[in-house]
Amino acid sequence: MARVVFIGNFRQLAGGDAEAEIAASNVRDLLRRLGERYPALAPHLDEGIALAIDGEIHQDALFSPVRPDSEVCLMPKIAGG
Amino acid sequence: MAANSHGKTNGSTRWVGTRPVRPDGVDKVTGRARFGADVHLPNMLVGKVLRSPHAHARIHSIDTSAALALPGVKTVVTRDDFNDLPSEFVPAGEMLINYRDVVRNVMAREKALFEGHPVAAVAAVSEKVAREALARIKVDYEVLPHVLDVVEAMAPEAPLLHEDLITAGVEPAPTTPSNVAKVVEFKLGDVEAGFAEADIVIEREFSTQPVHQGYIEPHACIANYSEDGQAELWCTTQGHFVVRGHCAKLLGMDVSKLRVTASEIGGGFGGKTVVYLEPVALMLSRKSGQPVKMTMSREEVFQASGPAAGTRVWAKVGMTNAGRITAGEAVLKYQAGAFQGSPVQPGCMCAFAPYDLAHVKVVGYDVVVNRPKVAAYRAPGAPQSEFAVESIIDELAKRIGMDPVELRLKNAAKEGTKAAYGPTFGPVGLVETLEEAKAHDHYRTPLKPGQGRGVASGFWFNIGGETCATLNLGEDGTIALVAGTPDIGGSRASLCLQAAETLGVDVERIRPLIGDTSTLGYTFLTGGSRTAFASGMAVIEAARDMIRQLCERAAKIWDIPVDAVEWIDGEARPAGSNAGEFEPLSLADLARLAGKSGGPFVGRAQINAQGAGPSFGTHIVDVDVDRETGRVTIERYTVIQDAGKAVHPSYVEGQLQGGAVQGIGWALNEEYIYDDKGRLQNPGFLDYRIPVCSDVPMIDTVIVEVPNPTHPYGVRGVGETPIVPPMAAIANAVEGALGLRFTDLPMSPPRVLKALGDARVPKAA
């Protein structure tokens, strides 16, 4: 199962959990299951987030694959100047 | 088609990494290039904005009757012309934006929230008439107390900008409003335990001033709204698709009815990622039935367009006597301007990113104040927080007598490091930049008496995003490359090089242009150091698409299977002797045969680029300080940065130099000066002092190349990171020269003189 890491305010929304193990094959599955497990987090998963999958930042990428041994870090969406 | 025909590099490149003449160069040096204000349409009107003279005032009424009665005035718009929008957060830039705020930033509604806040706008036959009309508009203001400072704005008794603003990110949610829009927290490990392991702990408070991006070209646009509800908009912007979306939302239009063309752009640096004039010009044009041109004066640019956030930062770092950093903690208070949305989140995430730390805690506050809404500025949020941390790192190095580069090397983030903001880094090049710094002639050259030397490192994430590109093969074998990201820093050259490399053709045969919003699918803006990476990926995909078509056509012409054709060095060849004996078909050959063999060739790509590689840099600076005037002179400056792969090294060097120079201005001179009524006193380049050529030496650059594995040629974005290290590097150098630690920016002559004077005066017993 992928290891999901919560940082920043996401940890608060995940009831204080620092990490969670989620079975998912892609980002869409992962977000859906996260929303089911953490209802307070669910409204924040549609917009404004990025996922670092094994260190690589993915934004708005529902079908990016997630491997069973992946580390997935929820983080705020990033842009820049 | 053979598997090796996709233009994938094997490490050696023919075009990527070369320095051809820029494709937009001749137009720019001859004055042909058309910028935001350079288009004129028949029957065009001039639009001007009436701006609030007050930093904070309730607007009771706006009477435009006298203005409308003036001959030559065609129409006036106010808050009544824009529909109020419900609270709806959408991703834009480094934070979410709320359309409820965007419509209020474009045209004040209940209150004017900063000096320069638009209150009304006029379209008239000339600028003179428009200005006269503005003077005739009567606004009934109730002036309210204002607040400019971030700490004062957080106080319970501070004047409230938004009576309904409840702090987000706090549990339980507050029941009363405040100016604190949001609190964010990033935590890794246990900072208390980390500090307990430390032999030395240093904590300091820092402040940075809001600074403007200082783009030379002011905001400008021309809107032309027709009677059937279609509209065209020409504007200077970093993202015309984003402008289209915002304007359509604010005017209640279908995006398909609004065609936006990005002009050439005279600088943006993040400041042209939002809308100011554009919705107003469209509304004036819609109401008048004529084209309307609007341009900001420099004064308006300073008064009403977004600077970088001013900040107050407290930071604390613990370290062992052996030079191992054990913990880092910071509290960041960022000005958002009149509406929520400062870059405090990325500020938090970047603060300790250069270091491999087990224990980190950063808390950030997003705070509204009576200043223009902040906008992105190169690596938004990062320079302020990293200024604090990199200053303390330097102090720690001095405390234990360790070389500051060595200390950074000992603690540097590298592949496999769990970043302080959460994820684990893939291949990154901080160690390589530090090794280059240590070995550089600059670092090893002895200083002259009285000079000081400073170093600092910096980080930015970089992004990808939605991006389209098209390659149109002409009948003579030349190619028109169409991209959707406005070219600010040389991206047209970079994209041509990546297309040429993939196709295997001479780069001179590719002519780039930036397509308008009707010619390509949605393409996110130029920002976040994404264009060379993401538009590059799109162009490479478009080139591969074209190669597929070319190979299929060659197979058809030769009457052999497509997998018996390979694309090598810009021509289709039979893949081995079993495929048959055929003369290769070049791009020009296939272009000539296109019509008779099946039609034209168009390579297309529409992608959402993922996997942008982060970028680290390290700067070295030598300064001299005039003890009589307080002037800090930059004697020598070297930027070392990981570019992954420099597609056009001259442009990469330009980005590194430009970021460093803007950082020098941030460090030494730039600040907004307000009077006691919250009115800006220095809205011009004479009094708001950005560096000019005579202020800086030649900025030396070293490009490190640690390839980004996601990109076919290894590209990382480079535009953001170089503005991150300068403030700390210069503060560290000044400390070396004077023995005085500056924690407040800018280190301008008056401040330096004062600090020197204070240091000479013995403290009272």
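In chain B, strand S19 (residues 465–473) runs antiparallel to strand S20 (residues 479–483), the two being joined by five bridges. Strands here are DSSP runs of E with at least two residues, helices are runs of H or I with at least four residues, and both are numbered from the N terminus; two strands pair if DSSP finds at least two bridges between them. This is a predicted model, so local features need pLDDT of at least 70 and side-chain atom pairs count only at pLDDT 80 or more, while totals for chains, interfaces and linings use all residues. Residues are numbered from 1 along each chain as its sequence is written, and chains are lettered from A and ligands numbered from 1 in the order in which they are written.

Chain B is split into domain 1 (25–33 + 464–609) and domain 2 (438–456 + 615–765), with bounds from an automatic or database domain assignment. The centres of domain 1 and domain 2 of chain B, taken over C-alpha atoms, are 40 Å apart. Where they touch, 15 residues of domain 1 of chain B meet 15 residues of domain 2 of chain B, contact meaning C-beta atoms, placed from the backbone, within 7 Å. On the domain 1 side of chain B, H15 and H16 are the elements giving two or more residues.

Another open sheet has seven strands and mixed pairing, in the order S3-S7-S1-S14-S11-S12-S13 of chain B. Its edges are strand S3 (73–77) and strand S13 (258–262) of chain B, each pairing on one side only. Within this sheet, strand S1 (residues 45–51) of chain B is antiparallel to strand S7 (residues 118–124), with six bridges, and B:Lys48 faces B:Val122 in S7(B).

Then there is strand S17 (residues 360–368) of chain B, with eight of its nine residues buried, that is, with 20 or more other C-beta atoms within 10 Å of their own, C-beta atoms being placed from the backbone. S17(B) pairs antiparallel with strand S9 (residues 180–188) of chain B over eight bridges, and B:Lys361 is the bridge partner of B:Lys187. With strand S16 (residues 325–337) of chain B, S17(B) pairs in the parallel sense over nine bridges, and B:Tyr334 stands opposite B:Asp366.

Finally, chain B meets chain A through 39 residues from chain B and 25 residues from chain A. Strand S4 (89–92), S9 and H10 of chain B each give at least two residues to the chain B side.

Technical notes
Buried ≥ 20, exposed ≤ 12 C-beta atoms within 10 Å, placed from the backbone. Contact = placed C-beta atoms within 7 Å.
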